[in-house]
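Please work through the following exercises with the sequence and the structure at hand. Each exercise sets a task, and a solution follows step by step.

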Amino acid sequence: MDDTIPMPLEPRAPAPTPVSRPFDAAEPMHHTLPIEFSGSGSEYFRIWVVNLLLTLVTLGLYYPWAKVRRLRYFYGNTTVGGHPLDFHGDPKRMLRGFLLVGAMVLLYSVAGKVSPLAGLIAFVIVAAIWPALLRASLQFRLANTSWRGLRFRFCGDLPGAYRAMLPLFIPGAISLLGVLVEQGAPRLGGGVASLAGLVALALFPLFFWMLKKYQHDHYALGQLQTELRTGPGPFYLLALKTAGVAIAAALLVGAVAAVVGGLGAMALVFGGAGGRASPAAIVAMVLLFLMVYAAVILVVYPYLSARLQNLVWGRTRSRLVQFDSTLGFWPLLRLTLKNWLLVLLTLGLYLPFARVATARLRLEAISVQMLLSPDELVSTLRERADDASGDAAGDLFGFDIGL
Amino acid sequence: MTAAEADPPALAADYFDGVSARARRVELRVVGSVLQVDGDGIALRWPLAELRWPERSRHGARVAHASDGGAVQALDAQAWDRWARASGIGESAIVRAQQNWRSALVAVALLVVLAAAGYRWGVPWLARATLAALPASVDRTIGETVLGSLEGQLLLPSTVDVARQQQVRTAFAQALARTEPGFARSRHALRFYASPDRRGADAQRRLGPNAFALPGGTIVVTDEMLTLLQGRDDVLIGVLGHEYGHVRRRHGMRLLVQAALIGTATSIAWGDFSSVLAAAPVLLGQSAYSRDFEREADDDAIALLRADGLSPSVMTELFERLAARRPAAGDGADAFDLGIALASHPADAERVRRFRDAAAR
């Protein structure tokens with residue numbers, strides 16, 4: 001359920017100098033670079049619908065061109081200190097990566113259906129190359145993003161990607177063990193599986209921190225490189241708070257749902273001659289479940305993503321550059337509710353408007369300060385990362401740069 | 001040189017060399033097939049064909065990239081577009097369509113038509129084409145996997161004696177042998193399991209009187225179905241014919257492939273908004289396809305019964321006996337059938353009508 005952030009782009013860029021003090025100031029000058037987004041929902045709607053049509057007519061082969069167009073529209077409408085970002089990805093190259101990764105995903109999903117063992121083997125293979133794909137995806141995206149003529153870089157190394165993903169492998173390894181144990185002793189296997197679940201739950205904030213640290217420690221532009229200056233503590237705190245919000249939301253909506261329709265549903269389920277649930281009762285139960293689910297999505301997701309964006313970008317800084325993010329929960333909640341309502345009412349046609357509105361809210365909450373004039377940024381080496389399969393993998397497995 | 005070429009329109013822009021972030025003021029001119037970039041100490045000649053040109057849009061800046069890493073940028077998009085047009089830079093039909101409401105609305109209409117046609121013909125056709133390339137051994141492996149996960153859970157060892165099981169198999173084989181050539185060609189295996197329909201807490205875990213087909217040709221018949229149709233082996237042949245229809249047409253596999261196809265299409269359209277919203281069309285599409293398959297399987301049951309010299313209307317007995325077992329409240333609930341969009345089978349009344357109509361013909 002990734003929300004519509006097409007790409008809170010990597011604005012680890014410094015920029016021109018709208019607010020710079022005179023050159024003779026004794027202390028280092030602060031250059032504040034505001035981020036502005038000028039995209040328009042109606043214009044993006046036209047781009048989206050034309051490209052979606054082309055993608056479906058070509059059985060998906062046009063997808064990379066559509067994606068490049070979307071990124072160029074969003075990047076081109078994002079100005080950092082008055083200068084736009086731009087995306088350079090070559091759709092032809094991306095198509096190759098897309099086909100490669102598509103074939104992999106197809107094999108993976110077929111393997112799971114053919115037999116549990118084949119599914120397990122496919123899972124292990126995907127898990128083993130996942131960190132490399134993540135790195136390739138970040139490298140590709142950043143190397144193909146520019147600002148003021150300079151290309152961004154992602155300078156994280158391959159071992160670092162595997163280290164960052166390590167907490168994810170521990171519960172994975174335990175559940176693998178559980179599957180093996182289950183062959184011999186089914187009861188014990190179940191125990192091992194639930195242990196794996198608990199470990200995964202406890203490790204998740206740590207994993208997320210390590211992942212974000214790996215990402216945000218290695219964004220670079222010119223002589224700038226960012227760092228994520230925080231330990232895992234705030235991530236655990238945020239996980240606890242989010243759990244609290246989730247429980248509160250579920251209780252609140254559950255209570256409302258029970259009053260509105262739940263009683264009727266119960267009567268139908270248990271009041272009938274005790275046998276099968278009638279279709280009406282099933283529909284009522286499904287609606288009830290959907291309401292609770294919607295509450296979790298509609299309340300918890302904006303909460304988590306606003307707080308997470310503020311946490312991650314607020315702590316992203318280095319000697320020369322510093323980010324801040326002040327995205328409010330309520331504005332994002334209001335926007336999310338509005339987006340969902342209108343997307344549902346329009347059977348999906350509102351989606352491009354939702355994407356633009358969300359991008360604007362998220363991007364404009366971020367600000368950048370630099371201790372050197374953006375004019376002084378110099379790119380020392382021209383690095384090209386052209387492994388577009390990483391980009392396609394990022395798409396299909398659902399990770400994107402943003403947050 | 002003609003007069004027009006001698007005086008090409010100029011545009012003020014920023015030039016970046018790709019090494020420094022410093023912007024330098026330049027003037028752009030298109031002369032022939034070359035973009036001239038001129039400024040203080042700058043005199044670049046970029047062939048237009050090697051430039052990555054920006055697309056026209058109402059909002060946003062314009063940046064054109066050269067293959068040497070340099071770029072020219074204009075924040076005034078309208079001025080850039082006017083200059084580009086005056087310089088004879090064309091734009092693709094796609095860009096024109098994107099910038100025009102009428103063509104965007106045409107695209108919406110075409111999308112609707114395409115979705116409907118793709119759903120009605122495209123997806124089933126693609127699924128059949130995919131399956132034609134997929135060996136039958138894959139079906140069997142999947143079927144075995146599913147059966148393995150049901151055994152011991154929903155399906156318990158049958159308590160029907162082996163002689164009766166064999167009798168059903170023989171009767172069905174004889175019925176199949178009387179059908180038209182080609183009909184009986186598909187490999188299948190009848191298997192019997194108990195799945196007692198207990199009331200109470202355990203009710204969800206029992207199938208009761210039921211029969212279903214798995215990919216690969218396994219047809220499962222519950223003991224309870226045999227009991228329900230006691231004394232009516234003609235109806236039982238119809239039920240088996242229906243399941244055999246699923247086997248013959250590889251319905252199980254087609255559902256799997258069609259779900260994957262619809263899932264891919266909807267996740268391209270909506271996936272990044274919400275995976276749940278993107279999954280809804282898959283669920284609804286699956287139910288509708290499943291109902292179509294049930295109708296096809298009913299047609300096969302009719303064909304089998306006919307070939308066996310029986311009237312298709314014997315199948316009404318099945319629905320009557322099933323209805324008699326159902327709690328009384330169920331009848332009232334059927335009138336309130338909101339679930340039709342999600343139901344995997346057509347309504348009983350419709351199926352009964354189908355069998356009766358077939359008998360009348």
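**Exercise 1.** Determine which residue forms a salt bridge with Arg25(B), and where the two residues lie.

*Solution.* Step 1: in this predicted model, Arg25(B) forms a salt bridge with Asp14(B), and the closest N and O atoms are 2.7 Å apart. A salt bridge is defined here as a side-chain nitrogen of Lys or Arg within 4 Å of a carboxyl oxygen of Asp or Glu.
Step 1: Asp14(B) belongs to strand β1 of chain B and Arg25(B) to strand β2 of chain B, so the pair ties together parts eleven residues apart in sequence. Strands (E, at least two residues) and helices (H or I, at least four residues) are DSSP runs, numbered from the N terminus.
Step 2: Arg25(B) counts as exposed, at 56% relative accessibility, whereas Asp14(B) counts as buried, at 11%. Buried means under 20% relative accessible area, exposed over 50%, and partly exposed in between, with a 1.4 Å probe and protein chains only.

The conventions are as follows: residues are numbered from 1 along each chain as its sequence is written, and chains are lettered from A and ligands numbered from 1 in the order in which they are written. The model is predicted, so that local features need pLDDT of at least 70 and side-chain atom pairs count only at pLDDT 80 or more, while totals for chains, interfaces and linings use all residues; side-chain values use heavy atoms, with hydrogens and water left out.

**Exercise 2.** Describe the sheet of chain B that contains β1 and β2.

*Solution.* Step 1: six strands form an open sheet in the order β4-β3-β2-β1-β6-β5 (chain B), and the pairing is antiparallel. Two strands pair if DSSP finds at least two bridges between them.
Step 1: the edges are held by β4 (42–47) and β5 (62–65) of chain B; each has a single partner strand, so one side of each is left without a neighbour in the sheet. From one strand to the next, the twist averages 30°.
Step 2: β1(B) is joined to β2(B) by six bridges, and in β2(B) the bridge partner of Tyr15(B) is Arg24(B).
Step 3: three bridges join β1(B) to strand β6 (residues 71–74) of chain B, again antiparallel. Here Phe16(B) stands opposite Ala71(B) in β6(B).
Step 4: β1(B) is mostly covered, since five of its seven residues are buried.

**Exercise 3.** Which residue of chain B forms a salt bridge with Asp375(A), and where do the two residues lie?

*Solution.* Step 1: the partner of Asp375(A) is Arg22(B), with the closest N and O atoms 3.8 Å apart.
Step 1: this pair crosses between chains, from the loop between β11 (366–370) and α12 (388–397) of chain A to the loop between β1 (10–16) and β2 (24–31) of chain B.
Step 2: Asp375(A) is partly exposed, with a relative accessible area of 23%; Arg22(B) is also partly exposed, at 42%.

**Exercise 4.** State the strand order in the four-strand sheet of chain B, and identify the strands at its edges.

*Solution.* Step 1: the order is β7-β8-β10-β9 (chain B), in an open sheet with mixed pairing.
Step 1: β7 (156–157) and β9 (211–213) of chain B stand at the edges, each with a single partner strand, so one side of each is left without a neighbour in the sheet.
Step 2: strands β8 (residues 189–194) and β10 (residues 218–222) of chain B run parallel and are joined by five bridges. The bridge partner of Arg191(B) in β10(B) is Val220(B).

**Exercise 5.** State the helix and strand counts and the buried share of each chain.

*Solution.* Step 1: chain A has twelve helices and eleven strands, and buried residues make up 50% of its 403 residues.
Step 1: chain B has 13 helices and ten strands, and 43% of its 361 residues are buried.

Definitions and conventions: Axes are lines fitted to C-alpha atoms, for helices over the stretch in contact, and angles run from 0 to 180 degrees between N-to-C directions.
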